[in-house]
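Please find below a few notes on the model, written for reading beside the sequence and the coordinates.

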Amino acid sequence: MSIRGLKKKQPKTFKVKIITVDAEMEFSCEMKWKGKDLFDLVCRALGLRETWFFGLQYTLKGMCTWLKMDKKVLDQEIPKEDPISFHFLAKFYPEKVEEELLQEITQHLFFLQVKKQILDEEIYCSPEATVLLASYAVQAKYGDYDPNFHEPGFLAHDELLPKRVLRQYQLTAEMWEEKITAWYAEHRGIARDEAEMNYLKIAQDLEMYGVNYFPIAQNKNHTDLLLGVDAKGIHIYSINNRFSPNKSFEWSSIRNISCSEKELTIKPLDKKAEVFKFFSSQLKVNKLIFQLCIGNHDLFMRRRKVDSIEIQQMKAQAREEKARKKMENQRLAREKQLREEAERAKEELERRLFQLEDEARQANEALLRSQEAAELLAEKAQIAEEEAKLLAQNAAEAEQERQRLEITALKSKEEKRLMEQKMREAELIAVKLVKESDRRAKEAEHLKQDLHEAREAERKAKQKLLDITRLNYPHMAKYPQYSPGDSRDANFDKGSIKLDLKDVDLKRLSFEIERYQLDYLEKSRKFEDRLKELKSEIHALKLEEKQAGLYC
């Protein structure tokens, strides 16, 4: 067989892109494949066994539709794209997530889808519940809270709260993160699958969880109601209230559901009860409602029957897996605890070692400081000793100086006393000298007067003698230079001798007066010099007394 023949026998294929909540996959499908063939391929790729909850959804002309399993893919009204895009989503929801979701992958896919619906506000959730759900989402993503690792701002890039809640409260991103982290810190020790299951257990109690809403009318003219289909039954809502249904039909109370064009009829199990009819805007909507009713009713009946062998095996495997995971988690928790204890012990030892090293370093530093202090104290002691010696020497010198000053003070007092005595004596001498001077002045005045009288008498005597001489010795008038006192003349009479003696006394008296005046002047000069010396000594003594007062 040729290579060309082999190529001709290869089936034709088309490309399909499958979009899950957190991933995208591409497959090549044969032209003859039905919806179930593609769906099974995707489930095998995901490792999913609980396939009855899921389906492949696509959007056509703004309307979401599910791919039919029993028809060929290309025979259905699907988008003409290359590749053709389908969303792998949960089509039906369990009544009790903890009992029905067995596989971890199933839980994870439900968790991602419900979380997205809450964030997109397809499911209403109160602000308090959104914060709690966000904390479980963070636990599932990041594991246990570690303040050393999960620093402020670590949730900045995560979408955890609906925009409606963010708009409702004027809180900053840091405040929301603080609220979420407060809950997150309390989930320590919860594994990822447990955190996701806790998330779903809270979400399944929300009024809009798992409900598919469709606009309907009770007549052909108005669309004034909403019809909701979920795992428990069919519910009728007012157009503005999706929380509390006006009327509900549980699957156990419905006898039959029929669909004809745009009309859908619900017949209760109680034949006496009123048959409910409603109209939808399009036949496709009616068919979609009918399809969801059949699928949910089948699951409702299936839950109330004995589990099939496959389900029993899956539950057993799930229990074994949970037990194994529980043991594994316990083992990991013990190992983690032991590791944390070992790390704490290590940190404690390191801290203790660091503390001991620090204490040793401080002790060495203290020793060095003490040695330096001892050396410094020794130097200070030596300096103090030298200062003590110097102070002793200064004290001795001060004592000597004090004694000298005392002696000086005593001398000064004695000298002062002597000077005062000398001053008093000088004053007495001065008084005496003044008196003596007055007396001598008076004596000199008397002597001058006597001298004047004597000279006057002498002049008169001489004049008289001359007159007598002229009368007795007329021939001597020619000789004026003749002195009657010449020794050759022996003819002096008695009166002449008396005159000569008188002249001698006068000369002697004049000489004595002059001598007395000179003596007086000499004594006055000496007395003035002595007074000056006394004043100088008194001034010096006063200066010494002032200096002695400063030293004291």
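1. Two strands are taken to pair if DSSP finds at least two bridges between them. On that basis this predicted model contains an open sheet of 3 strands, in the order β10-β11-β12 and with antiparallel pairing. Strands β10 (254-260) and β12 (276-279) stand at the edges and have a single partner strand each, so one side of each is left without a neighbour in the sheet. Neighbouring strands of the sheet are turned by 15 degrees against each other on average, direction ignored.

2. Within this sheet, β11 (residues 263-268) is joined to β12 by 4 bridges, and the two strands run antiparallel; T265 stands opposite K277 in β12. Helix α9 (residues 283-303) packs on the sheet and touches β10, β11 and β12, its direction making about 155 degrees with that of β10.

3. On the surface, Y169, L171 and M175 form a nonpolar patch, with about 230 Å² of accessible area together. One of these residues, L171, lies in the loop between α6 (163-168) and α7 (173-184), and L171 is partly exposed, with a relative accessible area of 30%.

4. Side chains of opposite charge can pair when their charged atoms come close. A search of the whole structure finds 20 salt bridges, among them the one between R303 and E95, whose closest N and O atoms are 2.9 Å apart. This pair links distant parts of the chain, since R303 belongs to helix α9 and E95 to the loop between β5 (84-90) and α3 (97-100), 208 residues apart. R303 counts as partly exposed, at 22% relative accessibility, and a network of salt bridges links E95, E100, R303 and R304.

5. A further salt bridge brings together the side chains of E340 and R188, at 2.9 Å from N to O. Here too distant parts of the chain are linked, with E340 in helix α10 (residues 309-472) and R188 in the loop between α7 and α8 (192-203), 152 residues apart. Both residues count as partly exposed, E340 at 22% relative accessibility and R188 at 46%.

Definitions and conventions
Residues numbered from 1 in each chain as written. Predicted model: local features only at pLDDT ≥ 70, side-chain atom pairs only at ≥ 80, totals over all residues. Heavy atoms only, no water. Axes fitted to C-alpha atoms, helices over the stretch in contact; angles between N-to-C directions. Contact = heavy atoms within 4.5 Å. Patch = residues over 30% accessible without salt bridge, like charges linked within 9 Å, V, L, I, M, F, W, Y side chains within 5 Å. Areas by Shrake-Rupley, 256 points an atom, 1.4 Å probe, with all protein chains shown as cover. Salt bridge = Lys/Arg side-chain N within 4 Å of Asp/Glu carboxyl O. Buried < 20%, exposed > 50% of the residue type's maximum accessible area, 1.4 Å probe, protein only.
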